[in-house]
Amino acid sequence: KLGLNAEKAREVRIQTANSIIDFAQKHNVDFIIIAGDLFDSNDIERNLIDVAIRLLQKIAPTPVYILPGNHDPLTIDSIYVDPSWKTLSNVVIINQPFPIPNLKVTLFPCPVTQKQTKRDLTDWIQVASDEISIGIAHGNLQIPGHIDDPNFPIDPNRAEKSGLDYLSLGEWHSLFPLKGKDGVTRTLYPGTPEPTKSGENKCGRVVIVEIEEHGSKPILQE
């Protein structure tokens, strides 16, 4: 839809990705989470995979966890089955809903393997340790009066119900923090790092999350 400006928009997104990596290195983050839709679809030009791989090589050895989303789901034609991803020692393409240990943190990822579902992919998560616990999912928080999309539904109380310290979400393009009943924000969409269409509010951001220990209040820095 961008016509002649499509290539210019792509260049801006690549520049932004470079800026994110530089920012992450400057702040010495422990790892990076991409909560789905790194790509617009599984049908992209081959050279874009090479561009993404070169970008992710820059941040090594910092781990990067990539969750397949509804635009780039882990289907039979998934972009993530390309063997080039295996050349990256610091990148994990999440392909199973199974706990992933990382340092003193456990990740609870919910990869998307289809284009549509009415099932809450986060409902398997149940924290059973004293480690910092972070959920990673892609979908729509079912907040009454806020969203009417039933595809990939997510319980807005998932963090509290499952005992998560933080729930990192993808799908919504605008920054959206959700406070729990105790007034603490443990669930958040950072939104897209670049606008994808007109009318999007609070996009163009990333969020650094600091968690001292299991049960402590996450410190969020936009």
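Biologist: Are Arg158 and Asp120 buried or exposed?

Modeller: Bear in mind that this is a predicted model. Arg158 is buried, and Asp120 is buried as well.

Biologist: What does Arg158 form with Asp120?

Modeller: Side chains of opposite charge can pair when their charged atoms come close. Here Arg158 forms a salt bridge with Asp120, with 3.5 Å between the closest N and O atoms. Because Arg158 lies in helix 3 and Asp120 in the loop between strand 5 and strand 6, the pair ties together parts that are 38 residues apart in sequence.

Biologist: How many salt bridges does a search of the whole structure find?

Modeller: The search finds eight. Among them is the one between Glu222 and Arg205, at 2.7 Å from N to O, where Glu222 is exposed, with a relative accessible area of 57%, and Arg205 is partly exposed at 32%. Arg46, Asp50 and Asp82, in turn, are linked in a network of salt bridges.

Biologist: Which residues touch the most other members of the largest nonpolar core?

Modeller: In soluble globular proteins, nonpolar side chains tend to be buried together. In this core of 22 residues, those with the most such contacts are Ile32, Leu56, Val64, Ile66, Tyr80, Trp85 and Val91. Helix 2 gives the largest share of the core, six residues. Leaving out residues up to four places away in sequence, Trp85 touches Leu56, Ile66 and Tyr80, among others. A second, separate core has 19 residues, including Leu121, Ile154, Trp172 and Leu178.

How values were computed. Residues numbered from 1 in each chain as written. Predicted model: local features only at pLDDT ≥ 70, side-chain atom pairs only at ≥ 80, totals over all residues. Heavy atoms only, no water. Core = buried A, V, L, I, M, F, W, Y, C linked by side-chain atoms within 4.5 Å. Buried < 20%, exposed > 50% of the residue type's maximum accessible area, 1.4 Å probe, protein only. Helix = DSSP H or I, 4+ residues; strand = E, 2+ residues; numbered from the N terminus. Contact = heavy atoms within 4.5 Å. Salt bridge = Lys/Arg side-chain N within 4 Å of Asp/Glu carboxyl O.
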